[in-house]
Amino acid sequence: MAMFFKGDKVEVCSKEEGFLGSYYQAKILSPLNNNTLYRVQYKNLVEEEDQTRPLVEIVSADEVRPVPPPVTFTKATQIFHYLDSVDAFDNDGWWVGKITGRQGSKYWVYFETTRDEIAYPVSRWRHHLEWRDGHWVTSNNTF
């Protein structure tokens, strides 16, 4: 498991029902309890009672991962296939889904957790990567 420090930019994977399979950008405010917990401040989520203040939460270390590496879009990286896993940016976070079709410049993405299928332009999604044993992994390659 990765260890994070104050100021590190991370993504937090939600384990709440209705939000499973979503990742939210945050920064570490402080590690707690020998790095088994982290106090994080979200980039796009706000406090319910004061929507001008970023949401701050304490999350378990197993919910935190580094920010995936940026992908420079070239003709080679813009090749997507039916059922490729992607993350689509919607509702303030990245949601894991699968490509189910293409319509013009948009791709249809199906989200298993919500059973929604939504069309997105390429600018609103990225290839899905998993953080395993200190490496970024796709279904076929390690980054």
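In this predicted model, A88 stands opposite W125 in strand β10. That contact belongs to the antiparallel pairing of β6 and β10, which covers 3 bridges. Strand β6 also pairs with β7, and one of its residues, D87, takes part in a salt bridge with R126 of β10.

**Strand pairing and hairpins**

- Strand β6 runs antiparallel to strand β7 (residues 93-103), and 6 bridges join the two.
- Within this pairing, V86 has G97 of β7 standing opposite.
- The β6 and β7 strands make a hairpin with 2 residues between them. In the turn, N91 has a positive phi of about 50°.
- Strand β8 (residues 106-111) pairs with strand β9 (residues 116-121) in the antiparallel sense, over 6 bridges.
- W108 has A119 in β9 as its bridge partner.
- A hairpin is also formed by β8 and β9, with 4 residues between the strands. Its turn includes R115.

**Salt bridges**

- The structure contains 5 salt bridges. Side chains of opposite charge can pair when their charged atoms come close.
- R126 and E11 meet through their side chains in a salt bridge, at 3.0 Å from N to O. R126 is in strand β10 (residues 125-127) and E11 is in strand β1 (residues 9-13), so this pair ties together parts that are 115 residues apart in sequence.
- Both partners are buried: R126 counts as such because its relative accessibility is 15%, and E11 because its relative accessible area is 0%. The cut-off for buried is under 20% relative accessible area.
- R126 also forms a salt bridge with D87, where the closest N and O atoms are 2.9 Å apart. D87 lies in strand β6 and R126 in strand β10, so the pair links parts 39 residues apart in sequence.
- D87 is buried as well, with a relative accessible area of 0%.
- Through shared partners, salt bridges join E11, R65, D87 and R126 into one network.
- D62 forms a salt bridge with K15, and the closest N and O atoms are 2.9 Å apart. D62 sits in the loop between β4 (54-60) and β5, and K15 in the loop between β1 and β2 (22-32), so the pair ties together parts that are 47 residues apart in sequence.
- D62 counts as partly exposed because its relative accessibility is 47%. K15 counts as partly exposed at 49% relative accessibility.

**Positive phi angles**

- Most residues other than glycine have a negative phi.
- N35 is not a glycine, yet has a positive phi of about 65°. N35 is in the loop between β2 and β3.
- The relative accessible area of N35 is 22%, so N35 is partly exposed.
- R115, also a residue other than glycine, has a positive phi near 65°. R115 is found in the loop between β8 and β9.
- R115 is exposed, because its relative accessible area is 69%, and the cut-off for exposed is over 50%.

**Surface charge**

- K6, K9, K27 and K43 form a positive surface patch.
- One of these residues, K43, lies in strand β3 (residues 37-46).
- K43 counts as exposed because its relative accessibility is 61%.

**Loop residue H81**

- H81 is located in the loop between β5 (64-66) and β6 (85-90).
- At 49% relative accessibility, H81 counts as partly exposed.
- H81 and T100 are 19 residues apart in sequence, and their C-alpha atoms are 8.5 Å apart in space.

Notes:
Residues are numbered from 1 along each chain as its sequence is written. This is a predicted model: local features need pLDDT of at least 70, side-chain atom pairs count only at pLDDT 80 or more; totals for chains, interfaces and linings use all residues. Side-chain values use heavy atoms; hydrogens and water are left out. Two strands pair if DSSP finds at least two bridges between them. Patches are made of residues with over 30% relative accessible area and no salt bridge: like charges are joined within 9 Å, nonpolar side chains (Val, Leu, Ile, Met, Phe, Trp, Tyr) within 5 Å. Accessible areas come from the Shrake-Rupley method with a 1.4 Å probe; for residues, only the protein chains shown count as cover. A salt bridge is a side-chain nitrogen of Lys or Arg within 4 Å of a carboxyl oxygen of Asp or Glu. Lys and Arg count as positive and Asp and Glu as negative; His and the chain ends are not counted. The place of a charge is taken as NZ of Lys, CZ of Arg, CG of Asp or CD of Glu. Buried means under 20% relative accessible area, exposed over 50%, partly exposed in between (1.4 Å probe, protein chains only).
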